[in-house]
Amino acid sequence: MHDFAYRQGELYCEDVPLSRIAKEIGTPFYVYSHATLVRHFRAIDSAFQHVPHIIAFAMKSNSNLAILRLMAREGSGADIVSGGELYRALKAGVPPEKIVFAGVGKNREEIRYALKSGILMFNVESSDELRAIDDVAAEMRTKARVALRVNPDVDPKTHPYISTGMKKSKFGISADRALEEFKLASSLKHIDVAGVHKHIGSQLTDITPFVDALKKILELVEQLKGRGINLRYINIGGGLGITYSDETPPEPKDLSAALSPLLRDLKCTLIMEPGRVIVGNAGALVTKVLYQKASDVKRFVIVDAAMNDLLRPSLYGAFHEIKPVRETPAAKSVTVDVVGPVCESGDFLAKDRAMPEVKAGDLLAVMSAGAYGFVMSSNYNSRPRVPEVLVKGREIHVIRQRESLADLVRGEAIPAFLKSKAGTPSAKTTKKRKQ
Ligand code: LLP
C-alpha cells in the first residue's frame with residue numbers, strides 16, 4: 001500500500017499533485033510519501049511487538065538524511081555498509097547503539113570510526129575481518145561487539161545479483177565453518193561475541209526461505225550454547241519483497257507469525273534490517289516526455305530521466321510500473337520502449353511496455369522507485385543528479401537539491417602542466433618551435 005493515487009485524473013502523492021512539484025522544481029525528480037514511510041515502518045514494528053527487537057533500517061536502500069531522520073524518530077536504527085553510511089546515519093541522528101555494520105570489506109579506518117562512534121555491533125563476514133577488528137579494538141583499548149554472519153545456504157529464489165545466502169555467494173561464513181569461527185571469535189581478547197547474523201537476499205516474495213534460514217541459524221545457536229557461547233542477538237537481515245507488478249509478497253505480520261514462535265524461548269533480541277519493504281513503494285521517479293520516435297519494429301518514448309537516475313531496469317531487467325501523471329481515458333494503448341538520453345542501448349526504464357499513448361511534455365511517474373533508486377544514481381554522461389522531495393500531506397519539502405553543472409566538476413583539478421587553454425601550446429613547446 002502506498003499514497004500515490006489519482007484524483008480527478010491527476011496523480012497525487014498524498015495531497016499534492018505531482019504536476020505541481022514538476023512545475024516548482026522541474027523534472028526529473030524523486031518524490032517520497034511521508035505517510036507511506038511511517039506506515040510501513042510501523043507495520044513491521046507492531047508485527048514484532050511481542051519479541052524484543054531492533055529495526056535497523058537498511059540505509060543502502062535510501063540514505064537521504066531526511067528519510068533517516070524520519071526513521072530514527074520512529075525508533076529505527078540503521079544497517080550500514082560503509083564509513084560514509086555511518087557518517088550519514090550519525091548526522092541524521094540515528095542512535096549509535098542501534099547501528100549495525102555489515103559488508104565483506106570493512107577497512108581499518110571504518111572499523112576505528114565505528115568503534116569510536118559506539119555502534120551496536122559489526123556483522124563479521126570472515127576470520128580475516130574478525131582478526132582485523134580484534135586488532136583495531138586492541139589498539140583502541142576497547143572490546144568490539146560482533147555478530148558472525150552465517151551463510152545458511154538457502155535459495156531465496158530471487159534475482160541472482162541480489163541473492164546472498166547461498167554457498168557460492170561472497171557473503172557470510174559458510175554454515176559448516178561457523179562453529180569454528182565462533183570458537184575463534186570467542187578466543188579473541190578484544191571481541192565480544194554478541195550475536196549471529198544472516199541475510200539471504202533481497203526482494204523475497206516467499207516466506208519459506210526466511211523460515212528455513214532461521215531454523216538453520218537456530219540449530220547453530222543451540223550448538224553454540226552447548227559449547228558455552230551464549231548469544232544475545234539474532235539478526236535475520238532484510239529482504240522482504242514488495243509489489244512491483246503482480247508479486248504478492250508476505251506482509252510483515254505474516255513474517256512475524258512464521259518467525260516469532262521460533263524465537264519465543266530464546267531470550268535474545270531480534271534485529272531486522274528491512275530496506276525495500278519500507279521505502280520501495282513510498283517513492284516514485286517523475287520524468288517528462290521529450291520526444292517520440294518509431295522505426296519499423298519499435299516505438300520509443302524518450303524521457304528526461306535515464307539509467308543514471310534509475311539503474312534497476314538496466315542492471316537487473318527490473319520492472320517498474322510507469323503511470324501517466326495525467327490520465328487521458330481516451331488514449332489508445334501502444335507498446336513502447338521508454339528510454340532516456342544516455343548513450344547506451346541499455347538505457348531504458350521499460351521495454352515493450354503497453355501503456356497509454358503519450359505526447360511530448362507529458363509527465364510520467366516511474367513507480368516503486370523509493371528503494372535502490374536515487375542511491376544507485378550516478379553522474380554518467382555528466383548528468384546532474386536529480387532532486388529528492390518529501391511530501392507530507394499538502395507540504396512539499398525538497399530534501400535534496402538538483403545538482404548544478406558546477407557540482408559536476410567539484411573536486412576535479414587541472415594540473416599545472418595543462419593550465420594553458422586547449423589550442424594554445426604551452427610556453428615550453430613554443431620556445432622549442434622557435435629554435
Ligand atoms: N541487510 C543486508 C546485509 C543486505 O545486504 C541488504 C541488502 C539488506 C539488509 C536490505 O535488503 P532489503 O530489505 O532492502 O531487501 N540494488 C538491489 C538490492 C541490493 C540489496 C543489497 N542488500 C536492487 O535494486 O534490487
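Q: Which residues come nearest to the ligand?
A: A residue is near a molecule if one of its heavy atoms lies within 4 Å of it. Around this ligand there are 19 residues, and Ser202, Glu273, Arg312, Tyr316 and Tyr372 come nearest. This is a predicted model: local features need pLDDT of at least 70, side-chain atom pairs count only at pLDDT 80 or more, and totals for chains, interfaces and linings use all residues. Residues are numbered from 1 along each chain as its sequence is written, and side-chain values use heavy atoms, with hydrogens and water left out.

Q: Which atom of Glu273 lies 2.6 Å from the ligand?
A: In Glu273, a polar side-chain atom lies 2.6 Å from a ligand nitrogen atom. The side chain of Tyr372 has an N or O atom 2.6 Å from a ligand oxygen atom. Gly239 uses a backbone N or O atom, 2.8 Å from an oxygen atom of the ligand.

Q: How much of the ligand's accessible area does the protein cover?
A: Accessible areas come from the Shrake-Rupley method with a 1.4 Å probe. On its own the ligand has 580 Å², and the protein covers 92% of that.

Q: Why does the ligand lie between domain 1 and domain 2?
A: Domain bounds come from an automatic or database domain assignment. Domain 1 (4-14 + 20-28 + 281-404) and domain 2 (33-279) both give residues to the shell around the ligand, so the ligand lies between them.

Terms used: Polar contact = N/O pair within 3.5 Å; in protein donor to acceptor, adjacent residues only side chain to side chain.
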